[in-house]
Amino acid sequence: MAKEASVLYDDDFLEELKRREVEEEIIKKNELRKEISKQRKLEKLKLVKRLIFVSVFCGISIILMCGYVNITAERAKLAKLQNELKIQSDINKELKLQIDGKFTLSEIERIATEKYSMTHPDSSQVIYVTVDDSSSNNKVLAKKDKANYNNRIFSIINFIKKLF
C-alpha cells in the first residue's frame with residue numbers, strides 16, 4: 001500500500017506540477033499578450049501622432065502655397081494696372097499735345113471770328129499811348145499796360161480753351 005500511496009502521491013504531485021506548469025505558461029502567455037497589446041497600442045499611438053504631424057505640416061504648407069499664389073496673382077494684376085496707367089498717361093500726354101497744337105494764334109483768331117463774331121478793332125477803337133523813355137514811372141506804367149494786355153490775351157485764350 002505504501003507503494004500505491006507513493007504512486008498516487010507521485011501522480012497527484014505530477015498532476016499538480018503539470019497544472020502549475022500550465023498555469024505558469026498561461027500566465028506567461030497572458031503577460032506576453034498584454035505586453036504585445038501595449039506595444040501595439042504604443043505603435044498605434046505613434047502612428048496617429050505621425051499622421052497628425054504630417055497632416056498639420058501638409059495643411060500649413062498648402063496654406064502657405066495658397067498665400068504665395070495669391071501674392072503672385074496680385075502682383076500680376078498690379079503689373080497689368082501699372083502698364084495700363086502708363087498707356088493712359090501716354091495717351092493723355094498725346095491728347096494734350098494735340099490740343100496745344102490745335103490752338104495756335106491763327107486757330108484762336110478763326111474761332112473768335114467764326115463762332116463769337118469778333119472782329120479786328122477799327123481805328124476808332126484803337127488808342128495809342130506815348131511813353132516817355134526818360135521817366136521811370138512811365139516805363140513802369142508801360143510794363144504794367146503790356147502785362148495787362150498779355151494777361152487779357154491769356155485770359156481770352158484760357159476762356160476759349162475752357163469752352164472746348
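Me: Before we start, what counts as a helix here?
Reply: Helices are DSSP runs of H or I with at least four residues, and strands are runs of E with at least two; both are numbered from the N terminus. This is a predicted model, where local features need pLDDT of at least 70, side-chain atom pairs count only at pLDDT 80 or more, and totals for chains, interfaces and linings use all residues. Residues are numbered from 1 along each chain as its sequence is written, and side-chain values use heavy atoms, with hydrogens and water left out. By that DSSP rule, lysine 41 lies in helix 1.

Me: How many helices and strands are there in the protein, and in what order do the elements run?
Reply: The protein has 3 helices and 0 strands. Going from the N terminus, the order is α-α-α.

Me: Is lysine 41 buried or exposed?
Reply: Buried means under 20% relative accessible area, exposed means over 50%, and partly exposed is in between (1.4 Å probe, protein chains only). Lysine 41 has a relative accessible area of 58%, so it's exposed.

Me: What is the area of the nonpolar surface patch with Ile52?
Reply: Isoleucine 52 is in helix 1. Its patch also takes in Val48, Val56, Ile60, Leu64, Met65, Tyr68 and Ile71. With accessible areas from the Shrake-Rupley method (1.4 Å probe; for residues, only the protein chains shown count as cover), the patch comes to about 780 Å².

Me: Where do the buried residues of helix 2 sit around the axis?
Reply: In helix 2 (residues 105-115), the buried ones are Glu107, Ile108, Ile111 and Ala112. They cover an arc of only 135 degrees, taken from the directions from the helix axis to the C-beta atoms, so they're on the same side of helix 2.

Me: What is phi of serine 117?
Reply: Serine 117 is in the loop between helix 2 and helix 3 (136-163). For a residue other than glycine, its phi has a positive value, near 55 degrees.

Technical notes. Patches are made of residues with over 30% relative accessible area and no salt bridge: like charges are joined within 9 Å, nonpolar side chains (Val, Leu, Ile, Met, Phe, Trp, Tyr) within 5 Å. A salt bridge is a side-chain nitrogen of Lys or Arg within 4 Å of a carboxyl oxygen of Asp or Glu.
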